[in-house]
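I opened a new notebook page for this one.

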Amino acid sequence: MLAGMKILFAGDIVGSAGRQVFQRVTERLRDEGRIDLVIANAENGAGGRGPSPEIAEALLGAGAAALTLGDHTFDDKKLIPLLETESRLVRPANLPPDAAGRGMTTIETGEGAVCLISLIGRTFMNPADCPFRTADKLIGMAQAKTILVDFHAEATSEKIALGHYLDGRVTAVLGTHTHVQTSDEAILPNGTAYITDLGMTGPKDSVLGREVEPVVQRFITGMPQKFDVSKKDPALEGVIVDVVIKSGKAHSIERIRERA
Ligand SMILES: [Fe+2]
Ligand SMILES: [Fe+2]
C-alpha cells in the first residue's frame, strides 16, 4: 500500500483563542509526525466574524496551506481585494457569479496536487445556487485526483445527502458551520471520507464560540445582547484524512479534538 499524506482539516476557527490553539496544536501535531498538510475553515477568525486580510495572512503564515470560508466571508470588506489575489483563500463556489474570490483552488504538495472546493448549503441558510450541481461542474474542472470539499451548511440531512451524492467522485466531503463536531466520520461505500461537521477550532466553554451568559439571557429575555467571543477552554476540532494524493483515495478519517 502506498504511504498516504495525512491531511488535517480543522473546523471553523473562532476568535483569538481559536487562532492561538490552531497555531499551537498544528505545530505539535507536525512535530509528532501526525500531520503533513493543514487546511482550515477560517470564517470566524476575527472575533467570531469573517477574517480581516491581516488575520487571513497570519493563519496562512501559521502553516495553513489554504483556508476555506463560509457565510461570514464578506463580514470584513477589506478582505475583498485579498480574495481576488490570494489563491489560498476559498469562499463558497455557489455564491452569485459576480461575488469576489474563488470557490475552488489547487494546492501543490510534495506528493502532487490537491483540489479544494468550498460549497454552502441552502437549507436554513441564505439563498445560494445549487451546491449539488455546482459540485458536478467543479469536479469536472478539477486539476487533481485528490479533491476535498468543505460543505458549509446547517442541516445534517443536506450534508449527508451531498456526501452520498459525491461518494466515489471526491476524496472527502467535510461539513463545517455548526461549530458542533459530529461523531459520524466514515469512509462511505464508494470510498469518500465523510463527516457531517468538523466542529470548531475555538473556545469550548461557550455557546458556539460566544460567551455563555449573554446568549442565555437572549433566549430568556428576547432582548438584544452583546455577544463577546469566549476565550475559555480552546481546542482544535477537525479530522485527519489519510490520502494517497496521486490516486485521490482516502484510506482513513480520524476525528480529533486537541487542546494545546
Ligand atoms: Fe458559517
Ligand atoms: Fe462558523
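I note that the model is predicted.

**Entry: helix H1**

I checked the length of H1, residues 15–31. At 1.5 Å a residue, its 17 residues should span 24 Å. I find the end C-alpha atoms 25 Å apart, which agrees. Next I looked up burial in H1. The buried residues are Gly 15, Ala 17, Gly 18, Arg 19, Val 21, Phe 22, Val 25 and Thr 26. I marked Arg 19 in that list as buried.

**Entry: the whole chain**

I read off 6 helices and 14 strands in the protein chain. The radius of gyration is 17 Å, close to the 18 Å that the globule rule gives for 260 residues, so the chain is as compact as a globular protein of that length. Along its principal axes, the C-alpha trace spans about 55 × 40 × 35 Å. Buried residues make up 48% of the 260. I also looked at contacts between residues at least 6 apart in sequence: 65% of them join residues at least 24 apart.

**Entry: the core**

I turned to the largest nonpolar core, which has 68 residues. Those with the most contacts inside it are Phe 9, Ile 39, Ala 40, Leu 116, Ile 117, Val 149 and Val 241. I followed up Leu 116. Leaving aside neighbours within four places in sequence, Leu 116 is in contact with Ile 39, Ala 66, Thr 68, Val 90, Met 104, Thr 105, Ile 107 and Leu 148.

**Entry: helix H4**

Which residues of H4 are buried? In this helix, residues 131–141, I find Pro 131, Thr 134, Ala 135 and Leu 138. They cover an arc of only 100 degrees around the axis, which puts them on the same side of H4. An α-helix has 3.6 residues a turn, so residues three or four places apart point the same way. The face turned away from the buried side carries the exposed residues Arg 133 and Gly 140. I then asked what the buried residues of H4 pack against. They pack against S6, strand S7 (112–120), strand S8 (146–152) and helix H5 (156–166).

**Entry: Glu 108**

I placed Glu 108 in strand S6, residues 104–109. Is Glu 108 buried or exposed? Glu 108 has 10 C-beta neighbours inside 10 Å, so it counts as exposed; the cut-off is 12 or fewer. Last, I compared its position with Gly 15.

Key. Residues numbered from 1 in each chain as written. Chains lettered and ligands numbered in written order. Predicted model: local features only at pLDDT ≥ 70, side-chain atom pairs only at ≥ 80, totals over all residues. Helix = DSSP H or I, 4+ residues; strand = E, 2+ residues; numbered from the N terminus. Expected span 1.5 Å × (residues − 1). Buried ≥ 20, exposed ≤ 12 C-beta atoms within 10 Å, placed from the backbone. Rg over C-alpha atoms; globule rule 2.2 N^0.38 Å. Contact = placed C-beta atoms within 7 Å. Core = buried A, V, L, I, M, F, W, Y, C linked by C-beta atoms within 7 Å. Arc of directions from axis to C-beta.
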